[in-house]
Amino acid sequence: MTVVVAHISDLHLGAHHEDAVDGLLVDVAAARPALTVVTGDSTMRARTAEFRQVRELLDRLTGPVLAVTGNHDLPLFSARRVFDPYSRYRSWIDDDLDPVVSIPGLTALGLQSMPRWRWKNGRVTGDQAALVTRVLGGAPPGDVRLLALHHPPLATGTARILGRRRLLGAARAAGVDLVLAGHTHVPDVRIAERSRPVFVVAGTATSRRVRGTSRSWSLITVDTGAVVVRERYFGPSGWHTGRVVTLPRGSVQGGLQSDQGDAERARDQRGDDSLRRGEAPAHTHPPAGHAEQDRGADQ
Ligand SMILES: [Fe+2]
């Protein structure tokens with residue numbers, strides 16, 4: 001059974017290209033995903049009007065959606081951040097901050113990784129790690145097991161999430177296939193060691209806050225033997241496939257493989273440095289999370 005997932009992130013509605021939403025929705029719909037995963041920062045400043053725009057966008061997606069909070073989805077300078085930081089998100093997006101979606105062949109869990117007391121970096125609690133074990137570890141045999149959160153779990157330095165060790169331990173024990181994140185606005189695919197899961201970071205799909213790459217989202221296909229990540233970029237002629245990364249499901253024996261033709265088309269959009277990353281074998285990927293290189297930025 002093949003499962004198709006659309007991974008979009010960091011919409012930052014309120015700081016987005018006005019014409020970006022319609023085109024994104026058309027491109028995502030063409031992929032006919034079984035699930036669309038939205039890994040946070042859907043708004044720019046957690047304003048009601050921005051959440052309303054997010055709701056309208058989500059309602060236009062076909063099929064089920066799993067969404068999580070990002071740091072921008074909490075009020076920044078407001079008493080609401082202290083006393084009721086998730087109320088607007090819960091009203092407009094999802095009352096469940098750690099949502100579960102189960103569809104044939106796929107079990108997905110989202111985690112709320114943005115505490116009110118941190119500035120922008122994330123944390124995962126012991127209860128959330130236990131949720132990973134219970135929900136994803138208890139998924140039907142053969143299901144794709146997908147975990148989503150805003151903060152990339154492999155980020156290092158000051159961007160390292162609190163609770164990283166327990167999260168990664170729980171993900172390994174639960175047989176998680178995919179960990180999807182956002183936050184950096186730079187698309188990425190990597191593995192932590194010579195086993196699952198595959199870690200995917202989606203870029204920013206609609207916002208003006210790009211970081212050396214154009215707007216993008218990630219189309220992920222999983223079957224019994226492989227995980228394929230196609231990075232979709234927005235260019236002068238519309239959306240196109242850039243880097244394609246193929247990994248055997250559950251191991252990295254074959255290493256990362258890029259579609260050179262698609263990569264060539266992406267060169268103008270992404271720059272040589274990111275292209276070299278795509279062509280490198282798994283063990284030569286940069287060891288540090290991209291979040292670290294944007295350490296000073298307001299992501
Ligand atoms: Fe962001």
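How do H5 and H6 run relative to each other? They are roughly parallel to each other, and the views below start from this pair in what is a predicted model.

**View 1. The whole chain, before zooming in.** The protein chain has 299 residues, and 49% of them count as buried. Its secondary structure comes to nine helices and 12 strands. If you look at contacts in the chain with a separation of 6 or more, 72% of them are between residues 24 or more positions apart.

**View 2. Helix H5 against helix H6.** H5 covers residues 126-136 and H6 covers residues 164-173; their axes come within 8 Å and cross at roughly 10°. An angle under 35 degrees counts as roughly parallel, so that is how this pair is described. On the H5 side, the contact is made by Gly 126, Ala 129, Val 132 and Thr 133. Facing them in H6 are Arg 166, Leu 167, Ala 170, Ala 171 and Ala 173. Sorted by type, the residues of this contact come out as six nonpolar, two polar and one charged.

View 3. Just past the end of H6 sits Gly 175, with a positive phi of about 70°.

**View 4. Thr 133 up close.** Thr 133 belongs to helix H5. Setting aside residues up to four places away in sequence, Thr 133 touches Ala 170, Ala 173 and Ala 174. Take Ala 170: Thr 133 is 37 residues from it in sequence, yet their C-alpha atoms are 5.6 Å apart in space. Thr 133 has 15 other C-beta atoms within 10 Å, so it counts as partly exposed.

**View 5. The six-stranded open sheet.** Read across, the strand order is S3-S2-S1-S10-S11-S12, and the pairing is mixed. The edges belong to strand S3 (65-68) and strand S12 (238-248); each has a single partner strand, so one side of each is left without a neighbour in the sheet. On average, neighbouring strands here are turned by 20° against each other, direction ignored.

**View 6. Strands S1 and S2, with helix H1 packed on the sheet.** Strand S1 (residues 3-8) pairs with strand S2 (residues 35-39) in the parallel sense, over four bridges. Within this pair, Ile 8 stands opposite Val 38 in S2. Helix H1 (residues 20-31) packs on the sheet, where it touches S1, S2, strand S10 (216-222), strand S11 (226-235) and S12. The direction of H1 makes about 165° with that of S1.

**View 7. The loops on either side of H1.** His 12 is in the loop between S1 and H1, while Arg 32 is in the loop between H1 and S2. His 12 is not a glycine, but has a positive phi of about 50°. Arg 32, also a residue other than glycine, has a positive phi near 50°. Buried or exposed, then, for His 12? With 23 C-beta neighbours inside 10 Å, His 12 counts as buried. Arg 32 has 10 C-beta neighbours inside 10 Å, so Arg 32 counts as exposed.

Technical notes. Residues are numbered from 1 along each chain as its sequence is written. This is a predicted model: local features need pLDDT of at least 70, side-chain atom pairs count only at pLDDT 80 or more; totals for chains, interfaces and linings use all residues. Axes are lines fitted to C-alpha atoms, for helices over the stretch in contact, and angles run from 0 to 180 degrees between N-to-C directions. Helices (H or I, at least four residues) and strands (E, at least two) are DSSP runs, numbered from the N terminus. Angles under 35 degrees count as roughly parallel, over 145 as roughly antiparallel, 65 to 115 as roughly perpendicular and the rest as oblique. Two residues are in contact if their C-beta atoms, placed from the backbone, lie within 7 Å. Ala, Val, Leu, Ile, Met, Phe, Trp, Tyr, Cys and Pro count as nonpolar, Asp, Glu, Lys and Arg as charged, and the others, Gly among them, as polar. A residue is buried if 20 or more other C-beta atoms lie within 10 Å of its own, exposed if 12 or fewer, and partly exposed in between; C-beta atoms are placed from the backbone. Two strands pair if DSSP finds at least two bridges between them.
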